[in-house]
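How do the helices of this chain pack, and what lies in its interior? The paragraphs below take these topics in turn.

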Amino acid sequence: MMNKKGKKMEEKKDITTLGNPRKPEGEYGVEMLKRMNDSHYELTGWALSYFDIEGKYRVLDIGCGGGITLRRMAEKVEGGHLTGVDYSDVSVSESKKLNEDLIAAGKMNIEHASVEDLPFDEGAFDKIITVESFYFWPTPQESLKEVFRVLSTGGSFMLVAEVYDKEGMSEKHREEVARYEMTNPSIDGFKEFFANAGFKDVEIHLKDGTDWICVIGHK
């Protein structure tokens with residue numbers, strides 16, 4: 001008989017599988033996104049400590065998921081504007097619900113769009129972020145070039161992930177990478193991706209005791 005801890009782990013696994021982390025869908029997708037708002041909170045807070053977001057910046061969140069990262073950044077962007085995009089209808093809906101007041105105030109908009117074809121002008125944003133979504137980007141190298149296109153000169157792009165390819169990566173993470181067909185570069189792989197997209201002065205930040213990585217590229 002499965003104990004309570006084992007049952008909870010199995011339920012968590014089922015929600016992730018049924019909710020489809022690649023493109024959240026259905027009621028399980030809603031539940032998964034709400035859980036991710038909580039489970040990614042510490043990771044995102046750590047990464048944002050390296051990101052200068054303030055004042056009148058125009059900020060874009062790619063793969064905005066459940067919308068919590070947008071809400072957190074809105075506290076610092078007092079006179080600016082935030083935009084979220086996701087190619088999941090469920091994610092767009094959940095992000096809008098969480099940020100309904102900010103959208104109504106004209107401080108934020110959330111759109112249905114995919115990273116490989118962003119519906120924005122060149123240089124439209126001063127800061128761009130993606131949290132736990134790069135794993136699933138189609139044609140990741142070309143998608144990074146699209147991110148570079150909509151970033152303003154002097155702007156920066158931050159990629160946040162809770163795991164990257166490295167010696168000693170846990171078997172659990174290796175299984176997840178294989179199961180969900182995730183793009184999971186090494187540190188050198190990230191540097192190459194960013195450089196080939198046109199980014200300069202690429203920064204890598206790691207958190208001791210975790211597999212967390214934060215990559216920042218500048219234009």
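In this predicted model, helix H2 (residues 26–39) packs with helix H5 (residues 89–98) at an angle of about 50°, the two axes lying 10 Å apart. That angle makes H2 oblique to H5, and the crossing of the two helices is right-handed. On the side of H2, the contact is made by Gly26, Gly29, Val30, Leu33, Lys34 and Asn37, while H5 contributes Val90, Ser91, Glu94 and Leu98.

Met36 also has its place in helix H2. With a relative accessibility of 22%, Met36 counts as partly exposed, because the range for that class begins where the buried class, under 20%, ends. Leaving aside its neighbours within four places in sequence, Met36 is in contact with Pro21 and Tyr41. Between the C-alpha atoms of Met36 and Ser156, which are 120 residues apart along the chain, the separation is 25 Å.

Helix H9 deserves a separate look. Which residues of H9 are buried? They are Gly189, Phe190, Phe193, Phe194 and Ala197. Seen down the axis of H9, these buried residues fall within an arc of 130°, so they line one face of the helix. The spacing can be read against the geometry of an α-helix, which has 3.6 residues a turn, so that residues three or four places apart point the same way. On the other side of H9, Asp188 and Glu192 are exposed. The cover over the buried residues of H9 includes H7, E5, strand E6 (200–206) and E7. Just after H9, Gly198 takes a positive phi of about 110°.

Notes:
Residues are numbered from 1 along each chain as its sequence is written. This is a predicted model: local features need pLDDT of at least 70, side-chain atom pairs count only at pLDDT 80 or more; totals for chains, interfaces and linings use all residues. Side-chain values use heavy atoms; hydrogens and water are left out. Buried means under 20% relative accessible area, exposed over 50%, partly exposed in between (1.4 Å probe, protein chains only). Helices (H or I, at least four residues) and strands (E, at least two) are DSSP runs, numbered from the N terminus. The arc is that of the directions from the helix axis to the C-beta atoms. Contact means heavy atoms within 4.5 Å. Axes are lines fitted to C-alpha atoms, for helices over the stretch in contact, and angles run from 0 to 180 degrees between N-to-C directions. Angles under 35 degrees count as roughly parallel, over 145 as roughly antiparallel, 65 to 115 as roughly perpendicular and the rest as oblique. A crossing is left-handed if the near helix is turned anticlockwise from the far one by less than a right angle, and right-handed if clockwise.
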